Amino acid sequence: MRIVVLAGGIGGARFLRGLKQAAPDAEITVVGNTGDDIHLFGLKVCPDLDTVMYTLGGGIHEEQGWGRADESFAVKEELAAYGVGPEWFGLGDRDFATHIVRTQMLGAGYPLSAVTEALCARWQPGVRLLPMSDDRVETHVAIEVDGEQRAVHFQEYWVRLRAAVDAKAVVAVGAEAAKPAPGVLEAVAEADVILFPPSNPVVSVGTILAVPGIREAVAAAPAPVVGLSPIVGDAPVRGMADKVLAAVGVESTAAAVARHYGSDLLDGWLVDTVDAASVADVEAAGIACRAVPLMMTDVDATAEMARAALALAEEVRR
């Protein structure tokens, strides 16, 4: 079985770990969000790609869900002593090594897709990890602070501001001119199942779909497309999905997110059991829907979620 997953950061990575357990013989291709990418300290940082790579490769800080395990921060402290910022975004010493290698390879002319493949050769994540694009795309968020409107990089909105201010708009800067990375469209066209994990529908999966050609390829794919709601009980399981959903005019409910994706993309949608009352609403929008437990409390629970998604894919295929 060939499975394609459009994945963001922590939620996508943890779902993938369960998917690998649920479908150990599957060929899994992950199309990773690069809209969160940022240049810091002269280095190219790819948070979502690295979170997938570290999580599946056994190097993640489990409690945080991001960054390296057994990390130290000597370089961060030295940078601070020199007065070099930003002080709100800290990279650990082990993590710095990944970004140094990536930046050196990019500087030597290798595209991000080739660099990602080289980094994965160390971590052996057990999936084929592709960036959504080799081109630079950055998610920016429009906010208003003290009566002044301005746009900030998504990382500043989330890490520095902690999404404490309302998002007025979300823009994937550069997406309109970007091209899908090599292998992305082919993987979608050849997939037996396409999954949208419980990643942020606006700044993770939504940014991937904003790259011209990817949304169209998913919509045209012969494979069933099944998504899992990141909203449980009218609130995001983690993160700031409610803030960015509001910015694009979507309610923070499992049914509203399904309608946001639309029946042109989704064939099936899973909601949590607490949102079982929304099943009829989703199905009225032309999307098959089932209510199952969607809390990723451990790998076994996540594997059950993945099995439910694959089962729904088979159901709608028929």
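This is a predicted model: local features need pLDDT of at least 70, side-chain atom pairs count only at pLDDT 80 or more; totals for chains, interfaces and linings use all residues.
Residues are numbered from 1 along each chain as its sequence is written, and side-chain values use heavy atoms, with hydrogens and water left out.

Helices (H or I, at least four residues) and strands (E, at least two) are DSSP runs numbered from the N terminus. Strand β3, spanning residues 38–40, contains I38, which is buried at a relative accessible area of 9%, where buried denotes under 20% relative accessible area, exposed over 50% and partly exposed the range in between, for a 1.4 Å probe and protein chains only. When neighbours within four places in sequence are set aside, I38 is in contact (heavy atoms within 4.5 Å) with L43, K44, V45, H153 and Q155. The C-alpha atom of I38 is separated by 9.4 Å from that of V137, although these residues are 99 apart along the chain.

Strands are taken to pair if DSSP finds at least two bridges between them. Strand β6 (residues 138–145) runs antiparallel to strand β8 (residues 169–173), to which five bridges join it, and A172 in β8 is the bridge partner of T139. Strand β6 is also joined by six bridges to strand β7 (residues 148–153), again in antiparallel fashion, with H140 bridged to H153 of β7. The hairpin formed by β6 and β7 has two residues between the strands, and D146 in the turn has a positive phi of about 55°.

Across the whole structure, five aromatic pairs are found, a pair requiring rings of Phe, Tyr and Trp (its six-membered ring) with centres within 6.5 Å, and planes under 30 degrees apart counting as stacked, over 60 as edge-to-face and the rest as tilted. The pair of Y54 and W123 is edge-to-face, because the ring centres lie 5.3 Å apart with the planes at 65°. This pair links distant parts of the chain, with Y54 in helix α2 (residues 47–57) and W123 in helix α5 (residues 112–123), 69 residues apart, and both Y54 and W123 are buried. W88 and F89 also form an edge-to-face pair, at 5.9 Å centre to centre and 75° between the planes; F89 is buried, with a relative accessible area of 11%. Ring pairs additionally link F196, Y261 and W269 into a cluster.
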